[in-house]
Amino acid sequence: MNTIYYEGSSFLHRLNPLSKFLLSGFLFAFIMLTTDPWAPLAFILFTLVLLLWLGNLPLRRLAKVLWPMLLIAAAFLLFYPLFVRQSLVANTPLLFQLGPLLVFQGGLEYGLTISLRVLALLTISLPFSLTTDSADFIRALVQQWRLPYRLGYGTLAAFRFVPMLQTEIAVIGAAHRVRGVNGAHGLRGAYERLRRYAVPLLATAIRQAERTALAMDGRAFGAFSQRSYYRRMRFSPADWFFTLGVLAGSALILVGLQALGLLGPLAFLQIL
Amino acid sequence: MIDIDALTVKYAGRKQPALRNLSLQVRKGETLLVLGSSGSGKSTLALALNGLIPHSIGTVLSGTVRVEGLDTQQHPVSQLAQKVGIIFQDPDTQFATLKVEDEIVFGLENLGLDPALMEARIEQALNQVGMAHARLRPVYALSGGEKQRVALAALLAMQPEVLVFDEPTANLDSVGTQQVFALLAELKARRQHTLVLIEHKLDELMHLVDRVVVLDAEGRIFTQGEPRQVFEDHGAELKRLGVWMPQVCQLAHALRQRRVTISKFPITLDEAVSAFGPLISTPPVAAEQPAVAPRTTEPATALLLEVRNLSFSYGSTSALHQVSLRVERGEILAIVGPNGAGKSTLAKHLIGLLMPPAGCVYLQGVDLNRVPAKSLARQVAYVFQNPEHQFVTERVVDEIAFGLRAAGWDEARLQARTAELLATFGLARYARANPFTLSHGEKRRLSVAAMLAMGQEVLILDEPTFGQDERNAAALMALLKGLNAQGITIIIITHDMRLVAEYASTVAVMKSGRVEFCGRPEQLFAQNELLAQAHLNLTPLARLATLLSAQHPHLRGYATLDDFLSLAYRAASPQKVEA
């Protein structure tokens with residue numbers, strides 16, 4: 001399946017997928033605790049350093065995944081000050097006025113905080129998603145966190161279907177175009193299109209799923225409630241070291257910001 | 001080893017059983033070839049051998065299947081999987097994981113094998129199929145032939161004694177087919193496995209086969225026995241059943257009909273060389289001109305379609321490089337070449353799915369770059385590999401009328417034309433059926449009928465005989481031949497060299513985005529080097545001609561039954577051989 005996985009063998013790549021998953025969880029909690037713009041900024045930088053240093057990620061690759069995120073953050077920054085509730089910010093200096101729209105300094109600050117927080121939430125998922133093979137993640141979930149293996153391998157098989165179905169959709173589209181199908185526009189057109197694609201797509205999907213199921217059954221899949229594993233997934237010392245290191249680093253960031261007087265009040269899940 | 005006794009199998013939702021009262025024994029170490037038309041129950045038989053029937057699919061109505069004494073109905077698939085492994089037709093849908101190594105251990109893990117024992121099994125299995133270098137590669141990055149090798153390795157790791165191959169080359173190009181056949185030969189030579197083969201490219205396999213079983217259309221055993229005896233005694237019946245036969249056997253039957261005496265009926269190429277070689281008379285005049293008379297009766301001169309220096313790339317990968325091609329009116333042009341050679345990309349430029357740059361593709365002198373897609377669709381028809389992809393309505397009759405309606409034909413004319421097409425394509429009795437309920441051969445005919453409704457002059461087909469049995473393939477090709485006789489120019493993209501030999505008037509060979517050859521098939525068949533470079537397999541009869549041409553140089557370029565029947569034979573009866 002087309003994920004944003006970046007193939008490599010760095011320290012981050014070699015970590016257990018679950019410790020990277022936990023890392024995202026910790027950072028998520030820390031970011032959700034804060035209400036000022038500085039903490040998200042610090043966590044963004046912290047994550048990027050981790051990625052470049054421990055993940056051995058090329059800058060180009062990082063830039064490629066970051067720019068759409070920056071775009072989303074920029075959109076928040078641009079529009080938030082215009083639509084924030086006036087009563088919240090009216091006691092701060094008025095920066096400028098666009099017709100009926102008033103932009104207060106407070107509004108801009110809120111916008112900055114929100115956009116940084118959005119950016120931070122998107123960024124902290126990167127160490128996991130860029131360096132984790134989805135098959136390994138499922139394997140770890142099955143072996144260590146007791147996800148039922150039939151479900152896990154079912155998911156894995158489904159991953160293989162996504163590109164197949166994508167190809168299928170493209171071919172059906174081409175086949176219909178060659179037949180001169182030029183569907184009606186609007187809602188009716190969309191419905192017609194959906195119906196035309198659905199039947200061949202379903203026919204193929206069912207056939208393929210059936211074949212895969214037979215091939216898997218034929219190799220004794222699901223025969224026993226337990227199966228053995230060639231690659232055993234477990235937490236290594238590196239994983240413990242990394243997990244504790246990230247926790248300590250995050251705490252340090254909060255303490256440091258506090259010392260500098262930049263940390264706002266801590267409140268879990270409070271947006272403003 | 002395998003003992004099937006009076007087995008009757010039925011699938012849910014079908015009225016008729018897929019196998020009826022079938023009894024069959026397979027000895028240890030034997031290689032059994034299963035033949036039958038599509039729908040005759042070959043795959044059902046395969047699934048019954050390792051207990052997938054009845055444990056995963058289908059119902060056993062009566063009878064038993066025993067594998068090494070284990071009744072498949074009494075024992076779970078997990079136990080049977082260590083006795084019988086099945087390689088399926090579609091290389092893409094038989095994988096459970098994403099990496100080669102994961103795939104090899106998948107079955108072992110399911111059996112709960114101790115991980116410490118797995119390493120040795122992985123190495124051995126991958127070595128046996130020559131894929132050790134690909135151990136850490138993702139499965140999707142492999143070619144079709146490599147995928148089948150990995151699929152086999154995954155089975156070998158489980159150490160089954162019986163290996164069942166259910167049309168393992170049906171989805172592969174000639175490169176992949178060769179890889180799989182080589183593997184079969186290696187397995188046979190190793191003598192550790194009992195092999196059950198379902199396959200219809202027979203000439204390359206016959207030297208491996210010990211016994212042939214033929215199923216009839218109802219899922220009964222029609223006959224079984226030694227290959228020579230089956231093919232020699234049942235020639236006419238096999239043809240009637242729509243069962244593929246080695247081409248050298250077809251030739252032998254055809255010659256016998258012409259009263260040529262053949263002492264030992266040949267089933268392999270080598271046997272055919274020694275059987276036919278002494279029979280062929282040397283022609284009185286040394287033939288210097290092309291051995292086979294050109295098949296086009298009139299000189300085709302009207303240029304219909306022209307491609308000039310067309311290049312195209314997908315992102316940074318070049319797919320077409322300076323391709324030039326001329327298609328004359330009334331031709332049957334075959335475009336051949338291995339997967340990824342650029343055949344489909346070229347075809348997409350001819351139907352506006354990819355817009356050719358100005359000055360590159362001309363249809364009747366008009367630059368396609370300036371032709372709107374809609375009017376192009378009225379001149380060029382394109383039939384996709386999978387006919388289902390093209391169906392856009394819910395009834396066969398609507399399917400054919402669809403294009404006409406869109407083009408604004410008045411109802412009376414539309415009805416007449418639709419009825420005519422339904423009759424021509426043998427679909428009249430299904431007029432009200434849903435296209436998806438038709439058989440594979442009928443779907444294919446419907447897709448051709450629907451595409452040609454508007455009377456297009458050019459028909460392009462992508463792998464038209466793909467996945468069809470002998471009878472359906474022959475019927476479709478006869479149909480296309482008829483259309484061609486009415487003046488429709490036909491372009492076929494194919495791997496099937498037999499189709500090229502028997503039907504094409506011109507063949508273009510593509511390789512790595514270039515057209516390496518364009519000319520008459522018999523000219524191509526004489527160019528061994530080019531064929532090897534483009535990974536094209538000669539048809540069995542063309543190979544026979546090549547082998548025989550050492551003795552009989554005038555056979556060079558021969559490739560079809562008709563070519564061979566046009567020869568003079570020494571032992572022919574006193575009456576003149578009829579053409």
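User: In which sense do strand S11 and S12 of chain B pair, and over how many bridges?

Analyst: This is a predicted model, and within it the two strands belong to an open sheet of four, ordered S12-S11-S14-S15 in chain B, with antiparallel pairing. Strand S11, residues 303-314 of chain B, and S12(B) pair in the antiparallel sense, and the count is eight bridges.

User: Which strands of chain B stand at the edges of that sheet, and why is one side of each left without a neighbour?

Analyst: The order of the open sheet is S12-S11-S14-S15 (chain B). Each edge strand has a single partner strand, so one side of each is left without a neighbour in the sheet, and the strands concerned in chain B are S12 (317-328) and S15 (366-367).

User: Which helix of chain B lies across S11, S12 and strand S14?

Analyst: Strand S14 comprises residues 361-363 of chain B, and the helix that lies across S14 together with S11 and S12 runs at about 120 degrees to S11(B). That helix spans residues 343-350 of chain B and is H12.

User: How many bridges join S16(B) to strand S17 of chain B?

Analyst: Strand S17 covers residues 458-462 of chain B and runs parallel to S16(B), with B:Val383 standing opposite B:Leu461 in S17(B). The number of bridges that join S16(B) to S17(B) is four.

User: Which element gives the largest share of the lining of the second largest pocket?

Analyst: The second largest pocket holds about 990 Å³ of space, and of the 35 residues that line the pocket, the closest to its centre are A:Tyr5, A:Thr132, A:Asp133, A:Asp136 and B:Lys99. Elements that each supply at least two lining residues include helix H8 (134-144) and helix H9 (149-178) of chain A as well as helix H4 (100-110) of chain B. By class the lining has twelve nonpolar, ten polar and 13 charged residues. The largest share, four residues, comes from H8(A).

User: How many residues of H4(B) are buried?

Analyst: H4(B) is one of the elements that contribute to the lining of the second largest pocket. The buried residues of H4(B) pack against H8, H9 and helix H10 (186-217) of chain A, together with helix H5 (118-128) and helix H6 (144-156) of chain B. Among the buried residues of H4(B) are B:Val100, B:Phe106 and B:Asn110. The helix is mostly covered, the number of buried residues out of its eleven being eleven.

User: About how much space lies in the largest cavity?

Analyst: There are five cavities of 30 Å³ or more. The largest cavity is lined by 30 residues, with B:His200, B:Lys201, B:His495, B:Asp496 and B:Met497 nearest its centre, and the elements that give two or more residues to this lining are helix H7 (174-190), helix H18 (497-503) and helix H21 (540-548) of chain B. By class the lining has eleven nonpolar, eleven polar and eight charged residues. The space in the largest cavity is about 610 Å³.

User: Is A:Asn56 buried or exposed?

Analyst: A:Asn56 is placed in the loop between helix H3 (38-54) and helix H4 (59-83) of chain A, and has a phi near 55 degrees, a positive value in a residue other than glycine. Because its relative accessible area is 56%, and the exposed class is over 50%, A:Asn56 counts as exposed.

Conventions: Residues are numbered from 1 along each chain as its sequence is written. Chains are lettered from A and ligands numbered from 1 in the order in which they are written. This is a predicted model: local features need pLDDT of at least 70, side-chain atom pairs count only at pLDDT 80 or more; totals for chains, interfaces and linings use all residues. Side-chain values use heavy atoms; hydrogens and water are left out. Two strands pair if DSSP finds at least two bridges between them. Contact means heavy atoms within 4.5 Å. Axes are lines fitted to C-alpha atoms, for helices over the stretch in contact, and angles run from 0 to 180 degrees between N-to-C directions. On a 1 Å grid over the protein atoms alone, a cavity is a set of points where a 1.4 Å probe fits but cannot get out, and a pocket is an open set with protein on both sides within 12 Å along at least five of seven lines; lining residues have an atom within 4 Å of a point. Grid points are joined across faces, edges and corners, and a volume is the space filled by probe spheres set on the points. Ala, Val, Leu, Ile, Met, Phe, Trp, Tyr, Cys and Pro count as nonpolar, Asp, Glu, Lys and Arg as charged, and the others, Gly among them, as polar. Buried means under 20% relative accessible area, exposed over 50%, partly exposed in between (1.4 Å probe, protein chains only).
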